[in-house]
Amino acid sequence: TEVNRIRNFCIIAHIDHGKSTLADRLLEITHTLDRTQMASAQVLDDMDLERERGITIKSHAIQMKYKAQDGIEYTLNLIDTPGHVDFSYEVSRSLAACEGALLVVDATQGVEAQTIANLYLAIDAGLDIIPVINKIDLPSSDVEGVARQVIDLIGVNREDIIPVSAKAGIGVDVLIEAIVKRVPAPADNNHLPLRALIFDSVFDAYRGAVIYLRIVEGSLRKGDRVKFFANDKLFLADEIGTMSMKRQPKNILESGDVGYLICSIKDVKDAKVGDTVTLADNPAKERLAGYKDVKPMVFSGLYPINSNEFEDLRESLEKLALNDASLVYTPETSVALGFGFRCGFLGLLHMEIIQERLEREYGVNIITTVPNVEYRVMLTNSEMVIVDNPSKMPEPGRISLVEEPYVSMQIITLADYIGNIMKLGMERRGEYKNTDYLDTLRVIMHFEFPLAEIVFDFHDRLKSISKGYASMDYEYIGYRESELVKLDVLLNGDTVDALSIVVHRSKAYDWGKKLCIKLKAIIPKQMYEVAIQAAIGSKVISRETISAMRKNVLAKCYGGDISRKRKLLEKQKEGKKRMKQVGRVEVPQEAFLALLNID
Ligand code: GDP
Ligand code: MG
């Protein structure tokens, strides 16, 4: 039957191990794309940002036709998965749409943290795994050593591991045959009522939401009335089809198929990843397992530099949210920054992407506040409040306890760096669990961390203390009680709400001091003296003073060096654009992120 000729699979790998390059080779060998179209390599990463960062942010799916050595033409659906922990729920839904996974490991790097994290997700999804060792063309590759790691990890035989060079195209022919032979065909569930898994949705300005789905049971015809479990709304299936390089409209999608659905949905929040589509007239009783409402984990205030750009910011956020069901935002007011929005993100990368897109694609100049996590605060009157903005932390006297989110983390490293990593773990309030040896040189260390301690720069620090060798991955494990306090910053006696942070009591003094010193360095001299203070409640714990301005900046140039003068002027102009008047003090954008630059 048809369904026996379908293979649904994904590629999972640690970042930079060659997922995108391998995907390109598969598109090429199946003539889905030819060499000229390949000119811009890595076609699956189609957003600028993705290309720059070398990561696939949004999952896509692409259909290939391949005539195998057995003479049969197979339909291969490659489902691309996002490569970052912020999007691990989306990864899990993409995996759920597949029967098999290629586990790609770099022959020069070996197994890394995301290799293992992704492998576990794939095993959870019940996928058949084809291990692939990539970059065998590199002189520094250690194919047999890495093969042993893979064997230890998943208990396969050496001959089941496929060595390839995605870059040079070596072994790709063997691999594609293995996909046909080793990835199981989807189950034939055509007789059941429709259940289709949404594994992605994107927004098209003309057509509304374009929903990527896997038909798990039943079939879907063009013109059917469909319904979504998450909202019980009815929509008409205006267009259905499959994706190769473009959308290919079809009249029917059947169980086992991967395709798209367009049904005049105006808001991607009505087509949530993980939800199930069924037919209005012959509905399935239950939605498919594994649906989850994803919650933002990291929050930040976004404020227009010019207060008259508030409406522009609102419109831009609205447009972005149309395409991104996980972005949430609510208006908020800051004494220091005026009208803006409190935005919730899946993680720091997600936050950076949104901020960059707002500036690049929508041209709004924004000030962002230091990112924070969401706290649960039990009040003395036994009420519970959720605090997603540090300045909204209740007064100490009203608090009976505060809880913060925790993650469990795995770090893979050469054993040489265990000491450094233990030290970093301690600095970040980590709870060390245990260490397992992966082989004679490499270990996997397990920790639990407060999310707040790793959202800033943990990954960069880890890389630098391990000379780039350590890799990490984490998952959210729930809330725990912590000794947290609110640290306020005052400029000339006025609290600057946008600079408030929540920190562990043991770190409050240190942070207060460093923050004052940092702000002193960032805030330019003004016409009068500026006092910078850090305080917990009414208690001032640190103070710095910026003396009043004496000379004009240009005086320093002695009129001699023109280019230097111009540079300085330009820099000043640039800086001015980013200045915010806070009370009587001019504060540059940088100050609101000063905390991020403290070590
Ligand atoms: P991804 O992050 O897993 O998608 O990795 P990419 O496909 O973007 O590859 C990361 C880097 O490794 C890029 O610079 C690729 O050109 C390079 N690369 C990928 N596969 C190979 C390979 O087989 N051999 C060599 N030498 N380089 C490769
Ligand atoms: Mg990639």
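Predicted model: local features only at pLDDT ≥ 70, side-chain atom pairs only at ≥ 80, totals over all residues.
Strands of a sheet pair through backbone hydrogen bonds, either parallel or antiparallel.

Residues are numbered from 1 along each chain as its sequence is written, chains are lettered from A and ligands numbered from 1 in the order in which they are written, and side-chain values use heavy atoms, with hydrogens and water left out.

Let us stay with β4, which also runs parallel to strand β5 (residues 128-134), joined to β5 by seven bridges, and there Val104 stands opposite Val132. Is β4 mostly covered or mostly uncovered? It is mostly covered, with seven of its seven residues buried, where buried means under 20% relative accessible area, exposed means over 50%, and partly exposed is in between (1.4 Å probe, protein chains only). In a regular strand the side chains alternate between the two faces of the sheet. In β4, Gly100, Leu102, Val104 and Asp106 point one way, whereas Ala101, Leu103 and Val105 point the other way, and all are buried.

Now to helix α1 (residues 19-29), which is mostly covered as well, since nine of its eleven residues are buried, among them Leu22, Ala23, Leu26 and Leu27, but also charged residues such as Asp24 and Arg25. The buried residues of α1 pack against β1 (6-13), β2 (61-67), β3 (73-79), β4 (100-106) and α6 (172-182). On either side of this helix there is a backbone detail to look at: Asp16, in the loop between β1 and α1, has a phi near 75 degrees, a positive value in a residue other than glycine, and just after α1, His31 takes a positive phi of about 60 degrees. Asp16 is exposed, with a relative accessible area of 60%. Arg429, which is found in the loop between α9 (418-427) and β24 (431-437), likewise has a positive phi, near 60 degrees, but Arg429 counts as buried, at 17% relative accessibility.

In one of them, four strands follow the order β18-β19-β17-β20 with antiparallel pairing, and the edge strands, each pairing on one side only, are β18 (328-334) and β20 (366-368). Neighbouring strands of this sheet are turned by 30 degrees against each other on average, direction ignored; axes here are lines fitted to C-alpha atoms, for helices over the stretch in contact, and angles run from 0 to 180 degrees between N-to-C directions. Which strands does helix α7 (residues 310-322) touch as it packs on the sheet? Helix α7 touches β17, β18, β19 (338-345) and β20, and its direction makes about 15 degrees with that of β19, where contact means heavy atoms within 4.5 Å. Helix α8 (residues 348-362) also packs on the sheet, touching β17, β19 and β20, and its direction makes about 15 degrees with that of β17.

The other open sheet has eight strands in the order β11-β10-β16-β7-β8-β15-β12-β13, again antiparallel, with β11 (234-236) and β13 (247-250) at the edges. Within this sheet, strand β7 (residues 195-204) and strand β8 (residues 208-217) pair over nine bridges, and the partner of Asp204 in β8 is Gly208.

One side chain deserves a careful look, namely Glu544 in strand β31 (residues 539-546). Glu544 is buried yet has no salt bridge, and the nearest side chain of opposite charge, Lys520, is 4.1 Å away. A salt bridge here is a side-chain nitrogen of Lys or Arg within 4 Å of a carboxyl oxygen of Asp or Glu; Lys and Arg count as positive and Asp and Glu as negative, while His and the chain ends are not counted. Leaving aside neighbours within four places in sequence, Glu544 is in contact with residues including Cys516, Ile517 and Lys520.

Finally, the chain as a whole comes to 14 helices and 33 strands, and of its 599 residues 54% count as buried. How many disulfides does the structure hold? The number is zero, a disulfide being a pair of cysteine sulfur atoms within 2.5 Å.

Note on methods. Pairing = 2+ DSSP bridges. Helix = DSSP H or I, 4+ residues; strand = E, 2+ residues; numbered from the N terminus.
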